Amino acid sequence: DGLCPRGGQGMGPPRLGERAEPPRNHSHIEGNKSTDGNGIKPVRSVFIGQFALSQGECALAVHGLGSCVALILFAPQLGMGGLAHVLLPGAPPPSDTTSDLPAKYASRAFDALWDGLHQKGASASHLRGAIVGGARMFQSDADLDQGVGQRNIESLRQILSTRGIKLAAEDTGGTQGRTVIFDLPECRLRLRTLRDGWSEKNLKQ
């Protein structure tokens, strides 16, 4: 985890395939910077089982999200937030002692974001949530992914509900992969699919 740096230095490597024609709203990522029509800000790419926190000018991004789910917790009044790239639902079994993937499981991903934002001054009443992803990527064999996408969605919905976090946005299921960008401090969620292109929602409202 960590903070996106202020200024022009981004974090995370350039992503292949991101130098395509900009989408309709002229939002795109090139290398490790994001432009949304209002300027350029650093991008933090969040990989499987990882999470990132930011307060200040930053774009948290997940590219090629399939059955995994991006969990976003944010405090709109404070302009801070975090994103976790969740691989599996629920809590880890005792046999899974993986320590380098702190957001691999839904419960640990939530705790990592919750604790990080709390340490930076956000209270439970400040926080809102969003979930994106959970697609079924293997239609040719219904059992191939064992419905992990839907189980991820249900697990995160339950966790947010139990912890009293309002779900401000959800874009889940289906059969298409997604690119997710969460802009801070605006708390703007931008999504892209191959079929529908880009869409965005202001989560401060």
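In strand β7, methionine 80 is the bridge partner of glutamine 55. The structure is a predicted model, in which local features require pLDDT of at least 70, side-chain atom pairs count only at pLDDT 80 or more, and totals for chains, interfaces and linings use all residues. Residues are numbered from 1 along each chain as its sequence is written, and side-chain values use heavy atoms, with hydrogens and water left out.

The protein has two helices and twelve strands, where helices (H or I, at least four residues) and strands (E, at least two) are DSSP runs numbered from the N terminus. Along the sequence these elements follow the pattern β-β-β-β-β-β-β-α-β-α-β-β-β-β. Of the 205 residues, 49% count as buried; buried denotes under 20% relative accessible area, exposed over 50%, and partly exposed the range in between (1.4 Å probe, protein chains only). The accessible surface comes to about 9900 Å², and carbon and sulfur atoms account for 49% of this area. Accessible areas were computed by the Shrake-Rupley method with a 1.4 Å probe; for residues, only the protein chains shown count as cover.

Strand β6 (residues 69-75) is largely enclosed by the rest of the structure, because seven of its seven residues are buried. In a regular strand the side chains alternate between the two faces of the sheet. Both faces of β6 are covered, with Val69, Leu71, Leu73 and Ala75 buried on one side and Ala70, Ile72 and Phe74 buried on the other.

Two strands are taken to pair if DSSP finds at least two bridges between them. Strand β6 is joined to β7 (residues 80-86) by seven bridges in antiparallel orientation, and alanine 70 stands opposite histidine 85 of β7. Four residues lie between the strands of this hairpin, in which glycine 79 adopts a positive phi near 65°. Six bridges connect β6 to strand β8 (residues 128-133), again antiparallel, with valine 69 opposite glycine 133. Strand β7 also pairs with β4, through five bridges and in antiparallel fashion. Strand β4 (residues 51-55) is mostly covered, four of its five residues being buried.

Contacts were defined by heavy atoms within 4.5 Å. Among contacts between residues at least 6 apart in sequence, 62% join residues at least 24 apart. Serine 107, located in helix α1 (residues 106-119), contacts Gly90, Ala91, Pro92 and Ile159 when its neighbours within four places in sequence are set aside. The C-alpha atoms of serine 107 and isoleucine 159 are separated by 7.2 Å, although these residues are 52 apart along the chain.
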